[in-house]
Amino acid sequence: MPSFVRLGIVAALAAGALWAVLSIHWYPAEEVLTMWVYGSPQEAELYRKVAAEYRQQHPEVRLRLEVVPGRSVVQKLLTGMDAGHAPDICVLHWRQMPQVASTGQLLPLDDLVRRDQIATGDYYPVGLQAYTYHGTLYGIPVKGSTITCFYNKDLFDRYGISYPTDDWTLDDLLAKAKALTIDEDQDGLPDIYGCTPYDIASYVWSMGGDFLRQENGRYVSNLDDPRVAQAVQFYVNLYFKHKVSPPRPGVRSDNAMSTFTFEAGRIAIGIMGPWMLPTFQLLDRFEWDAALFPQGPAGRQTRYASVGFTIWKGTREPEVAWDVLKHMVSAEATTKMAKLGSDLPPQRSVARNTYPRAATPYEEEVFVRSMDYNVRLFPQELWWEDLYRRMLDELDAALTGRESVAEALAEAHQVTNTYLQRMYAEEIP
Amino acid sequence: MTRWRQYQSTVLIYAILLLVLSGMVVPLVWTLLTSFKYNVDVTLGWIPPRWTTDNYTGVFRAFSFLRYYANSLFIATAVTVVQVATSALAAYAFARLQFRGRDVLFLGYLSTMMIPADVLMIPQFVLMKKIPEWLNAVLATDFFSGFLYLKSHYIGHPVGLDSFFALIAPGCFSAYGTFMLRQFLLGISREIEEAALIDGCSAWGVFWHVVVPLAKPALGALAIFTFLGRWRAFLWPLIMTDSDSMMVLPVGLAKLSDLYVNDYGLICAGSVLMLVPMIAVFVFFQRWFISGIQLGAVKG
């Protein structure tokens with residue numbers, strides 16, 4: 001490189017650096033209230049708008065909203081809390097709650113809720129339970145939903161199968177799935193599968209079983225309950241005996257490369273939830289609709305999921321943070337959130353007023369009705385996620401055909417009890 | 001017969017290479033094609049049934065893409081320049097200069113490679129939080145906890161959390177880089193340096209006029225490794241930054257994923273955009289990149 005070119009580059013860099021240094025301004029630090037949120041880009045945008053409204057109403061509050069990655073929020077949050085530097089307000093998914101609440105770093109909200117007479121009766125009880133850890137309320141949900149079904153109306157019509165109704169059962173699900181598992185090109189392999197069953201928990205509960213039970217105030221495995229065996233057998237049969245669900249590598253893992261998806265028109269009944277609505281709204285290849293999860297012998301019992309706002313105990317401004325939180329979960333805010341169409345508002349009144357939305361071709365009211373049944377949570381315990389993962393890993397042996405359901409459940413039962421005994425011996429919170 | 005065998009082995013080698021290549025290229029092609037699909041079409045085969053560029057515009061709407069890009073580029077470049085410089089100087093000292101405790105110091109420095117980064121996360125976080133407080137107290141000022149703006153753009157605190165200092169300073173020193181360059185420098189003939197010394201060169205002169213030109217392949221390789229490592233860094237920038245304006249591309253990319261529901265088209269578009277500079281770096285510096293790999297293989 002000629003020396004004059006080299007000199008020119010150095011001079012340009014030096015000039016740029018000088019310009020940058022001369023353009024830098026310094027402002028004194030100021031107290032700001034920080035709020036972390038996460039979600040889809042549309043949700044993040046909505047949070048920004050709602051926070052901007054708060055700033056407009058309360059110009060004296062310096063509120064800063066940061067969008068953070070949802071999957072790493074707990075790691076970032078716990079590091080900050082340990083070091084005494086965390087956001088005043090933070091969005092948490094209900095399954096992230098125990099990990100954060102168990103550190104004692106979240107502000108209890110019971111007294112504030114009572115003092116300000118928040119209409120807790122209007123909330124779906126399960127929504128508040130999701131943010132209750134060991135009897136103390138630490139958060140208020142902003143949205144939530146439970147498991148429902150989507151079905152391909154074109155396939156039902158083409159093969160003369162009646163649509164699911166509110167009183168349909170797990171046996172009906174199996175019958176319809178069998179009738180809609182179709183080998184269209186007669187090559188011996190299905191081109192359309194009857195259903196994708198989603199999470200196993202709703203089947204266990206709807207059959208009357210549960211993963212754990214309490215004995216003398218302590219959890220023990222309930223996987224020896226015959227109703228659990230019945231539910232797991234039903235679930236495994238969908239894959240192995242009846243072959244009405246596309247093969248899957250494990251209970252916890254879907255086949256990411258599978259082309260057997262509801263949106264591809266290759267699944268007749270997709271058991272999922274309203275969080276899929278933003279995706280399915282672009283689905284114009286076939287007619288589809290939504291239905292309730294089928295009932296089992298113990299009724300319709302499905303899993304809840306929600307996202308809510310929490311406050312850091314170390315906040316310098318707990319009252320202001322509480323005021324911001326109330327604004328973020330207000331009926332006005334949750335109505336706007338509901339209109340994005342991915343989840344229900346946490347308040348019954350808002351859910352009933354918001355749904356069904358105008359101009360949706362599907363029966364959106366199903367998602368509201370689904371909340372009237374037994375909507376449940378996993379135990380809100382720090383150790384639950386780890387234990388559940390281990391349980392399901394054992395059940396993989398049945399789902400992949402390596403062991404019978406009875407053998408896999410016996411293993412899972414033993415693993416669960418050993419885990420719980422060790423956990424109580426070590427006094428993990 | 002020999003020719004036939006040669007032909008067979010060539011075909012076999014090419015078949016294996018093609019297989020390995022497809023393992024690398026197929027995900028890239030899938031990512032590229034998916035970036036032009038609506039989320040609802042992602043599982044409908046490889047070719048998008050409806051082509052859309054919405055995902056690319058969506059990435060720009062989802063976060064300040066250009067700002068994140070600029071941050072990543074600035075941080076990766078600054079860390080690379082400083083780390084290569086400090087590693088080269090340290091490597092030269094450990095390889096050539098004679099001073100008491102040199103080998104113990106080198107071993108001590110190397111042993112820092114054994115400490116998992118996760119263990120250091122909270123202490124480093126606390127350190128970054130305390131630095132402005134200490135500096136303010138010692139210098140009786142509030143400068144270090146203030147905010148800096150370049151024109152109207154927020155550029156973080158002068159030091160501490162949410163500052164470029166936090167994103168750049170810890171990456172400026174590398175035991176790995178020092179080790180790698182020291183091993184390379186040990187392979188350079190001492191006679192060349194001695195000749196320079198006899199001609200009147202100082203130790204610095206030897207380093208600058210003799211060692212650095214001879215070590216260019218190793219310096220280039222270290223620069224590439226460092227740049228790529230910083231360009232992809234996720235956890236440290238995630239933990240260290242608070243404000244949107246200070247975040248980097250991998251953090252922005254992670255923001256495109258929701259907790260349980262993903263818009264794959266959007267994520268793929270973000271990934272493609274993020275890949276471009278890495279491909280450029282590789283294409284321009286692949287000669288050094290390959291020699292760097294060989295360096296690690298034979299000198300380690």
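Author: Let us begin with helix length. The expected span of a helix is 1.5 Å times one less than its number of residues. Helices (H or I, at least four residues) and strands (E, at least two) are DSSP runs, numbered from the N terminus. The model is a predicted one, in which local features need pLDDT of at least 70 and side-chain atom pairs count only at pLDDT 80 or more, while totals for chains, interfaces and linings use all residues. Residues are numbered from 1 along each chain as its sequence is written, and chains are lettered from A and ligands numbered from 1 in the order in which they are written.

Reader: What span should the 23 residues of H5(B) have, and how far apart are its end C-alpha atoms?

Author: At 1.5 Å a residue, H5(B) should span 33 Å, and its end C-alpha atoms are 32 Å apart, which agrees.

Reader: Where in H5(B) does a kink lie?

Author: The bend at a residue is the angle between axes fitted to the seven residues ending there and the seven starting there. In H5(B) a kink of about 30° lies at B:Lys130, shortly before the proline B:Pro132. Just after this helix, B:Ala140 takes a positive phi of about 50°.

Reader: Which residues of H5(B) are buried?

Author: A residue is buried if 20 or more other C-beta atoms lie within 10 Å of its own, exposed if 12 or fewer, and partly exposed in between, with C-beta atoms placed from the backbone. An α-helix has 3.6 residues a turn, so residues three or four places apart point the same way. In H5(B), the buried residues are B:Phe125, B:Met128, B:Ile131 and B:Pro132. They pack against helix H3 (73-82) of chain A, together with helix H6 (164-168) and H11 of chain B.

Reader: What do the buried residues of H3(A) pack against?

Author: The buried residues of H3(A) are A:Val73, A:Lys76, A:Leu77, A:Thr79, A:Gly80 and A:Met81. Their packing partners within chain A are strand S2 (33-37), strand S4 (89-93) and helix H4 (97-101), and chain B supplies H5 and H11. Just after H3(A), A:Gly84 takes a positive phi of about 75°.

Reader: How many residues of chain B are in contact with chain A?

Author: Two residues are in contact if their C-beta atoms, placed from the backbone, lie within 7 Å. By that test, 36 residues of chain B are in contact with 33 residues of chain A. On the chain B side, two or more residues come from each of helix H2 (54-62), helix H5 (117-139), strand S1 (147-150), helix H11 (235-240) and helix H12 (249-255). The largest share, 5 residues, comes from H5(B). This side of chain B divides into 20 nonpolar, 7 polar and 9 charged residues. Here Ala, Val, Leu, Ile, Met, Phe, Trp, Tyr, Cys and Pro count as nonpolar, Asp, Glu, Lys and Arg as charged, and the others, Gly among them, as polar.

Reader: In which sense do S1 of chain A and S1(B) pair, parallel or antiparallel?

Author: Strands of a sheet pair through backbone hydrogen bonds, either parallel or antiparallel. Two strands pair if DSSP finds at least two bridges between them. Strand S1 (residues 24-27) of chain A and S1(B) pair in the antiparallel sense over 4 bridges. A:Trp26 stands opposite B:Leu148, and the bridge partner of A:Ile24 is B:Leu150. The open sheet of 3 strands has the order S1(A)-S1(B)-S2(B), with antiparallel pairing. S1 of chain A and strand S2 (153-154) of chain B stand at the edges, each with a single partner strand, so one side of each is left without a neighbour in the sheet.

Reader: How many residues of strand S12 of chain A are buried?

Author: In strand S12 (residues 267-272) of chain A, 6 of the 6 residues are buried, so the strand is largely enclosed by the rest of the structure. Strand S8 (residues 148-152) of chain A pairs with S12(A) in the antiparallel sense over 4 bridges, with A:Met272 as the bridge partner of A:Thr148. Strand S9 (residues 193-196) of chain A pairs with S12(A) in the parallel sense over 3 bridges, and A:Cys195 stands opposite A:Ile269.
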